[in-house]
Every structure is written in C-alpha cells, then in structure tokens.
Amino acid sequence: MDLKIHESWKQELSEEFEKPYFKKLADFVDKEYANHTCFPPQEKIFAAFNRCPFDQVKVAIIGQDPYHGVGQANGLCFSVNDGIKHPPSLLNIFKEITTDLGQEIPVSGNLERWAAQGVLLLNTTLTVRAHEAGSHQKQGWEMFTDVVIDTLSRKRENIIFLLWGGFAKKKGKKIDTSKHHVLTSGHPSPLSANRGYWFGNKHFSKVNTLLKEREEQLIKW
C-alpha cells in the first residue's frame, strides 16, 4: 500500500505504520486491489489527510465506508467525484444546508472544497471492494482511524466534531469534550433522515457560530 500521506500526518502517525496490525492491513489492501476492483483509487486512499493537514483541521466529519459504486469515491467521506450524481446521504446533507443557510444545492458533490477550508472528511474504513459494502471492515482500518481521532483529541484543541448516526457516535468516545466541541445527530441516510433524525440539526450554522465566537474564518459550505 502506497503510504503517500501529508507530512504533517506522517509525523503524527509514523509509529502506527510500523505496527503489526497495520502491516497486515497493508498486505490485505494490496492483495484486494491486485485481485479485485476496489475504491477509492489507490492514490486517493489517504486523500482526507492529504487535503486537510493535521494542523489545519477545524472541523472533523466521521463517515463509515467509501462509496462502492464505479467512479464515486474520492477518498473523502460523503464526497463524490465531479460529474457523479449525488448519492442519497449527500443529497440530504445538501438539503439540510439549503434549509439551514439558504444556499442552493451545488452541482458538484465533490467536497474537496470543504477539505481545503479545514474540514477533515474521515471514513473509518478507507477502502472497499466494488459493489460490496463493508467488505474491508474489521481488517485494521477501524483501529487506525481510532488512533487518528485520539491523536486529534489529545494534540489539538477546539476542533468541532460532527458525529452523524450511531456508528460515528461510537467512534467519538475517544474525544475529550473538555477541549473540543461535539455535535451529534442522526445519519443523513434516507432511512434515518426520513424518520426525523437528520433534518433540522442546523449543524452547518452551528459550526460557523462556534468559529465566529473564536474569530476564525467561517466554512463556506
């Protein structure tokens, strides 16, 4: 597995890459990409880290698996490549932004523009086999991303964590809430959103209110 990861993250996580579980994970990923179609493309496995350096993280959104359809995943949670139809969860995210902030739904579902502003878009499993949701779970990625969240919690301050749905909330147990802000709601997937657990959470305006209080630049959602 090509460990092309931003230098700021490499400094924080270098010990992790040498651990037996990670070497085993890397071997698994290499074999999967060699023998099956997997997503995202190998050069984008660590895109969340490369698009948002460690010291620039202002907001962290925790996802689960990459999209497993052809051409969708670009290494950022909930994000798709330009020209790809918005998946249901992403569409519901945009609908909430529209209601919350009065913005139009964007043409592109590529969230690299968020990452460039300090939003870490972290899937907890960074790879997946095509058309097989969850196929790369329990191979070591979850352990690695737990360390990522823990490292951010310990070494940084005032990060705003957005935990959407039960899975993300469980991942958030390592966050020191005396140092960081945590906003929770239901997941934006149709199953959760249509039951009233997503719409109306106003997370996007709440993030900017918190940033404004600290006199930091607001996120252009």
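Predicted model: local features only at pLDDT ≥ 70, side-chain atom pairs only at ≥ 80, totals over all residues.

Q: How close do the axes of H1 and H6 come, and at what angle do they cross?

A: Helix H1, which covers residues 7-17, and helix H6, which covers residues 141-155, have axes that come within 11 Å and cross at roughly 135 degrees. Because angles over 145 degrees would count as roughly antiparallel and those of 65 to 115 as roughly perpendicular, H1 is oblique to H6. The crossing of these two helices, H1 and H6, is right-handed.

Q: Which residues make that contact, and how do they divide by class?

A: From H1 the contact takes Trp 9, Glu 12, Leu 13, Glu 16 and Phe 17, while H6 supplies Phe 144, Val 147, Val 148, Thr 151, Leu 152 and Lys 155. Sorted by class, the residues of the contact of H1 with H6 comprise seven nonpolar, one polar and three charged.

Q: How should I read the pair H4 and H9, and what is the crossing angle there?

A: The axes of helix H4 (residues 88-101) and helix H9 (residues 203-213) come within 8 Å, and the crossing angle is roughly 60 degrees. Since an angle has to be under 35 degrees to count as roughly parallel, and 65 to 115 to count as roughly perpendicular, H4 is oblique to H9. On the H4 side, Ile 93, Glu 96, Ile 97, Asp 100 and Leu 101 meet His 203, Phe 204 and Ser 205 of H9. This contact of H4 with H9 is made up of four nonpolar, two polar and two charged residues.

Q: How many cavities of 30 Å³ or more does the structure hold, and which residues line the largest cavity?

A: There is one cavity of 30 Å³ or more, and the volume of the largest cavity is about 50 Å³. The residues that line the largest cavity are Ile 62, Gly 63, Gln 64, Phe 78, Trp 164, Phe 167, Ala 168 and His 187. The lining of the largest cavity divides into five nonpolar, three polar and no charged residues.

Methods:
Residues numbered from 1 in each chain as written. Heavy atoms only, no water. Axes fitted to C-alpha atoms, helices over the stretch in contact; angles between N-to-C directions. Helix = DSSP H or I, 4+ residues; strand = E, 2+ residues; numbered from the N terminus. Left-handed = near helix turned anticlockwise from the far one by under 90°. Contact = heavy atoms within 4.5 Å. Nonpolar A, V, L, I, M, F, W, Y, C, P; charged D, E, K, R; others polar. 1 Å grid on protein atoms, 1.4 Å probe; cavity = no way out; pocket = protein on both sides within 12 Å on 5 of 7 lines; lining within 4 Å. Points joined across faces, edges and corners; volume = space filled by probe spheres on them.
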